[in-house]
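Here is a short briefing on one structure. Look through the sequence and the model first.

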Amino acid sequence: MDTQPHPSSAHQPRLLIINPNTSASVTDLLCRHAQPSCKAQGWQIEAVTARLGAPYISCEASYAIAAHAALDAWAAALAAQPSAPQAVLLACFGDPGLLALRESSPVPVTGLAEAAFMEAARGGRFAVVTGGARWAPMLQRLAQQLGFGEALAGIHTVAPSGAELAADPVAARALLARACQQAVDQGGVQSVVLGGAGLAGLAAQLQDQVSVPVIDSVQAGLRVLLSGQAPAPGGRTEPGFAPAWQGLSWELRALGERG
């Protein structure tokens with residue numbers, strides 16, 4: 001686990017960013033892109049990287065493990081601090097473990113996909129562009145689960161994974177710009193969501209090549225949380241889980257014992 005507190009007043013609200021994959025470089029990227037918005041609104045950033053799972057989530061199996069990893073990271077972050085944060089951003093476009101994390105949390109929680117869907121749907125129908133073909137059915141299922149199935153016009157994937165796109169940003173910009181405009185050309189969308197933690201910051205670089213707004217999923221997550229628009233937390237007064245776990249990390253077991 002890699003927890004990164006940023007210097008601030010003890011009175012500032014804290015945003016916990018959970019990266020449910022094991023790539024610390026993605027966590028660093030998320031913090032860099034979150035810092036200006038958080039600083040402007042008086043929030044402190046705390047970030048945590050998954051202790052188990054895949055370096056980048058790209059299939060059903062890694063997605064399933066990432067839900068466990070997200071809950072484990074949440075528990076570990078709580079154990080490392082004297083108090084809970086004021087908001088939590090699940091920083092994977094796909095939101096593994098989102099509903100379980102929200103149920104266990106006394107503070108607002110959203111994920112990159114949920115937040116981007118919320119923002120895009122306010123303007124009408126939207127398309128999604130992201131890396132990795134295996135994400136398409138997973139994101140379609142998530143959109144249906146979260147209530148955005150009708151607003152989502154289509155999911156357009158490019159062959160490279162998010163990790164591969166992040167590794168070659170110049171090629172990624174050209175490829176993603178074409179994919180975004182192709183999604184628009186198919187008709188019926190008022191915006192395009194560019195999804196992926198590793199693609200943070202690219203939407204603004206593509207905007208002049210795409211004829212509708214391109215929504216950065218990381219910035220959408222920040223806007224939803226910092227403006228107080230996230231769905232209400234699960235009703236708990238303190239973090240915790242209902243089950244008493246067996247065979248999991250001590251931090252998860254400790255939260256389970258709270259009932």
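Asp216 caps the N-terminal end of α9, with a side-chain oxygen 2.8 Å from the backbone nitrogen of Val218. Helices here are DSSP runs of H or I with at least four residues, numbered from the N terminus. The model is predicted: local features need pLDDT of at least 70, side-chain atom pairs count only at pLDDT 80 or more, and totals for chains, interfaces and linings use all residues. Residues are numbered from 1 along each chain as its sequence is written, and side-chain values use heavy atoms, without hydrogens and water.

**Helix α9**
- Nine of the 10 residues of α9 (residues 217–226) are buried, so the rest of the structure largely encloses this helix.
- Buried means under 20% relative accessible area, with a 1.4 Å probe and protein chains only.
- Among the buried residues of α9 are Ser217, Gln219 and Leu226.
- Just after α9, Gly228 has a positive phi of about 75 degrees.

**Thr27**
- Thr27 sits in helix α1 (residues 24–40).
- Thr27 counts as buried because its relative accessibility is 1%.

**Largest pocket**
- A pocket is an open set of points on a 1 Å grid over the protein atoms alone, where a 1.4 Å probe fits, with protein on both sides within 12 Å along at least five of seven lines; lining residues have an atom within 4 Å of a point.
- The largest pocket is lined by 16 residues; Leu29, Ala163, Leu165, Ala166 and Gly198 lie nearest its centre.
- Two or more lining residues come from each of α1, α6 (162–167) and α8 (202–206).
- α1 gives the most to this lining, with four residues.

Definitions and conventions. Buried means under 20% relative accessible area, exposed over 50%, partly exposed in between (1.4 Å probe, protein chains only). A polar contact is a pair of N or O atoms within 3.5 Å; within protein, one must be able to donate a hydrogen and the other to accept it, and residues adjacent in sequence count only if both atoms are side-chain atoms.
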